[in-house]
Amino acid sequence: MYCQYLAAPENFPKPWVQITADDEGVTSIYFVEQKSYPEQKNTHSELCVKQLTEYFNHQRKEFTVKLNPQGTEFQKKVWGHLCSIPFGERWSYKDLALKLGSVNYCRAVGMANSRNPISLIVPCHRVLGHDGKLVGYTGGLDIKDWLLAHEKEYAN
């Protein structure tokens with residue numbers, strides 16, 4: 001496993017973005033308080049740091065770094081649909097469930113979102129409750145709110 005850290009932008013709720021990768025692609029992105037692992041970079045983690053830096057500097061809206069998240073087939077299907085949410089847009093869990101075929105998938109979609117290992121690039125922060133309220137973000141609602149405000153500012 002490769003691991004690299006990116007200093008988070010000023011006023012971001014956590015000081016570090018932790019990126020892990022394997023030889024196939026980025027395996028996780030988490031927002032952390034401290035560096036817990038020694039840094040060992042590869043081409044996927046380095047490209048990820050470059051693209052995240054561009055995102056935070058309002059120079060990137062889409063990511064091209066190769067991803068390799070680990071999960072069930074259903075989770076991967078949900079994460080694939082998350083990647084189709086356009087920059088600056090917000091969907092509800094119901095919207096996402098309907099894209100997957102049934103409103104009855106809402107709970108399963110929420111569970112798959114909560115297990116998304118590639119925060120931000122797989123944009124689960126763009127999914128809100130049916131009433132438009134911030135709900136359920138593994139990184140914390142303060143980070144979800146920050147990311148949505150960041151994208152809203154740049155989307156215009």
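Reply:
**Starting from a serine**

Ser45 sits in helix H1, which covers residues 43–56. Helices are DSSP runs of H or I with at least four residues, strands are runs of E with at least two, and both are numbered from the N terminus. This is a predicted model: local features need pLDDT of at least 70 and side-chain atom pairs count only at pLDDT 80 or more, while totals for chains, interfaces and linings use all residues. Residues are numbered from 1 along each chain as its sequence is written, and side-chain values use heavy atoms, with hydrogens and water left out.

Is Ser45 buried or exposed? Its relative accessibility is 0%, so Ser45 counts as buried. Buried means under 20% relative accessible area, exposed means over 50%, and partly exposed lies in between (1.4 Å probe, protein chains only).

Which residues does Ser45 touch? Leave out residues up to four places away in sequence, and Ser45 touches Gln4, Ile19 and Ala21. A contact here means heavy atoms within 4.5 Å.

**The strands and their rings**

Strand S1 covers residues 2–7 and strand S2 covers residues 16–21. The structure holds ten aromatic pairs. One of them joins Tyr5 and Trp16: the ring centres are 6.5 Å apart and the planes meet at 80°, so the pair is edge-to-face. Rings of Phe, Tyr and Trp (its six-membered ring) pair if their centres lie within 6.5 Å; planes under 30 degrees apart count as stacked, over 60 as edge-to-face and the rest as tilted. Tyr5 belongs to S1 and Trp16 to S2, eleven residues apart, and the pair links these distant parts of the chain. Tyr5 is buried at 6% relative accessible area. Trp16 is partly exposed at 24%.

Phe12 and Phe31 make a tilted pair, with 5.2 Å from centre to centre and 55° between the planes. Phe12 is in the loop between S1 and S2, and Phe31 is in strand S3 (residues 26–32), so the pair ties together parts that are 19 residues apart in sequence. Phe12 is buried, at 8% relative accessibility. Phe31 is buried as well, at 10%. Both rings belong to one aromatic cluster, made of Phe12, Phe31, Tyr55, Phe56, Phe63, Phe87, Trp146 and Tyr154.

**Loops with a positive phi**

The loop between S1 and S2 also holds Asn11. The phi of Asn11 is near 70°, a positive value in a residue other than glycine. Asn11 is exposed, with 65% relative accessibility.

Go past H1 and you reach His58, in the loop between H1 and helix H2 (73–82). The phi of His58 is near 60°, again positive in a residue other than glycine. His58 counts as partly exposed, at 26% relative accessibility.

**Further along the chain**

Pro123 lies in the loop between helix H4 (106–114) and strand S5 (127–128). At 2% relative accessibility, Pro123 is buried. Pro123 touches Leu82, Cys83 and Ile85, not counting residues up to four places away in sequence. Pro123 and Lys144 are 21 residues apart in sequence, and their C-alpha atoms are 9.9 Å apart in space.

Lys133 is exposed, at 54% relative accessibility. How far from Lys133 is Ser92, C-alpha to C-alpha? The two atoms are separated by 9.3 Å, although the residues are 41 apart along the chain.

**Stepping back to the whole protein**

The protein has five helices and five strands. Their order along the sequence is β-β-β-α-α-β-α-α-β-α. Of the 156 residues, 46% count as buried. Take the contacts between residues at least 6 apart in sequence: 54% of them join residues at least 24 apart.

The C-alpha trace spans about 45 × 35 × 25 Å along its principal axes. A compact globule of 156 residues would have a radius of gyration near 15 Å, and the protein has 15 Å, which agrees. That radius is taken over C-alpha atoms, and the globule rule is 2.2 Å times the number of residues to the power 0.38.
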